[in-house]
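This report describes selected side-chain and strand arrangements. The sequence and structure are shown below for reference.

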Amino acid sequence: MNRRAFLIGAGGAAVLAGSGAVAWRSSIGSMADYDAYARRLRAPLAAQPQPQVRELIRYATLAANSHNTQPWRFRVEGNAMDLMPDYGRRTSVVDPDDHHLFVSLGCAAENLAIAAAAAGRPGEVEVTPSGVRVLLSTAPGRPDPLFDAIPKRQSTRADYDGRPVSAADLAMLERAAAMPGVRVILVTERARIGRIRDLVVAGNHAQMADPAFLRELKHWLRFNPRSAAATGDGLFSAVSGNPVLPTVLGGPALDLFFTAQGEGDRYARQIDSSAGLAIFVGERADREHWMRVGRACQRFALTATSLGLKHAFVNQPVEVAGLRGALAALIGEPGRRPDLVMRFGHGPTLPFSPRRPVDAVLA
C-alpha cells in the first residue's frame, strides 16, 4: 500500500522558471476545482432509507489501496456483490505476487460491509481465494463511527507532531483490527521504532536503485490537479504536501531531484515524528489471508480517523523480500511474512486522493 512522493528543491525552480503564469495555471488546473471534485467523491450517502448499490460501491472505493491504482471490479447480481481483482491495474514490480492487490480488495470489502450495515443493507462477507462476495439483506441502519470516518480517511504522508497516543486509544485501535487469521502488533517504544525505521530506509534505498521500480512509480504519479482529476487514480503530488507541476515537467523534475538519500531522510523524519507503528501479519501467506489483512487494516485506519489520528503506509520492509525476516524478528513473529507497516499519530489534513467513478469499476 505504499504511496511514494517526491520533493522539488530549490534547483527545481530554475528548471521551471521559464513558464508563464497563465500557461502554468492552464496546464496544472485549479486546486479549488480539485477540492470540489474530491468533496463530491466523498459526499455523504444519499439521504434515503436505503441508498442505491452504486452509492455503496462509491463508499467502497474510498478504501486504502496500493499506489492508488484501485485494482478492483464490482459485479452486482441481485443482492450479491462480488469484489474481484482488476489485473490490468496491478503493479508487477513493487507487488510481483499481487499481495498488495488482494490486500486492497480486502480494504474495499470492509468499507462496503461497514457502509451497507450503517445504511440498512447489512451483508455477510465471504472471503475466497479469488475475491470477496457480500450478500446484502435488509435491516434497520445503525450508527457507526467507522461509517462516518469512511469519507474522511486518508493516508497522510506528512510529518506528524510526535505526541503519543493514549493507552485507551491504542487499545481501541488494537480491538478494531481484530480479525480471524490476522495479528496486529503495535510498536510505540522509540528504540524499536528506530530499528524498524532503519529497515524502511534500507528498503527505500533498494527500491530506488531499481530502474524498473522507478519506471512503474513514475507511471502512477499525477503531478497536478488537472491530471489527477482526469485519470481519477494514481499518486497526486499535493496529497503528500508536494508542489504541483505541469505534466510535461513532472517527469524531468522527478529524474533530477528524486534521490534515495532525500527520500530516505524524509521517511526517517516522518517515522520519528509518529506516535507508533502498526504491523499486520496474516497467519498464512495466501490470498485469502491477504484480503483478511486488508479488512483488518481498513478497520484500524477508520478507527484512527474517528479518533482524530492520521496514518500512512511505510511498506518497504515487506516489499523488499530480503528485509522481511529482519522485520518479523523485530516484532516477535519469526518465520512469518509481515504484510503491512503503517505509522500513526497526530498530523495535518492534506488534499484527498482521486478516485475513479463508479461506472469505471463496474464489471
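How many bridges join S9 to strand S10, and in which direction do these strands run? In this predicted model, S9 and strand S10 (residues 338-345) run antiparallel and are joined by four bridges. Within this region, His311 stands opposite Phe344 in S10.

**The sheet**

Strands S9 and S10 belong to an open sheet of four strands, whose order is S5-S8-S10-S9 and whose pairing is antiparallel. The edges are formed by strand S5 (182-187) and strand S9 (310-313); each has a single partner strand, so one side of each remains without a neighbour in the sheet. From one strand to the next, the twist averages 25°.

**Aromatic pairs**

Five aromatic pairs are present in the structure. One of them joins Tyr34 and Tyr37, with 5.4 Å centre to centre and 50° between the planes, and is tilted. Both tyrosines lie in helix H3 (residues 31-41), where they are three residues apart, about one turn of the helix. Tyr34 has a relative accessibility of 2% and therefore counts as buried. Tyr37 also counts as buried, because its relative accessibility is 12%, and the cut-off for this class is under 20%. Together with Phe236, Tyr34 and Tyr37 form one aromatic cluster.

A further pair is that of Tyr59 and Phe147: the ring centres are 5.5 Å apart and the planes stand at 35°, so this pair is tilted. Tyr59 lies in helix H4 (residues 53-60), whereas Phe147 lies in helix H6 (residues 145-149); the pair therefore ties together parts that are 88 residues apart in sequence.

The relative accessibility of the residues in these two pairs is listed below.

| Residue | Relative accessibility | Class |
|---|---|---|
| Tyr34 | 2% | buried |
| Tyr37 | 12% | buried |
| Tyr59 | 3% | buried |
| Phe147 | 16% | buried |

Conventions
Residues numbered from 1 in each chain as written. Predicted model: local features only at pLDDT ≥ 70, side-chain atom pairs only at ≥ 80, totals over all residues. Heavy atoms only, no water. Phe/Tyr/Trp six-rings, centres within 6.5 Å; stacked < 30°, edge-to-face > 60°. Helix = DSSP H or I, 4+ residues; strand = E, 2+ residues; numbered from the N terminus. Buried < 20%, exposed > 50% of the residue type's maximum accessible area, 1.4 Å probe, protein only. Pairing = 2+ DSSP bridges. Axes fitted to C-alpha atoms, helices over the stretch in contact; angles between N-to-C directions.
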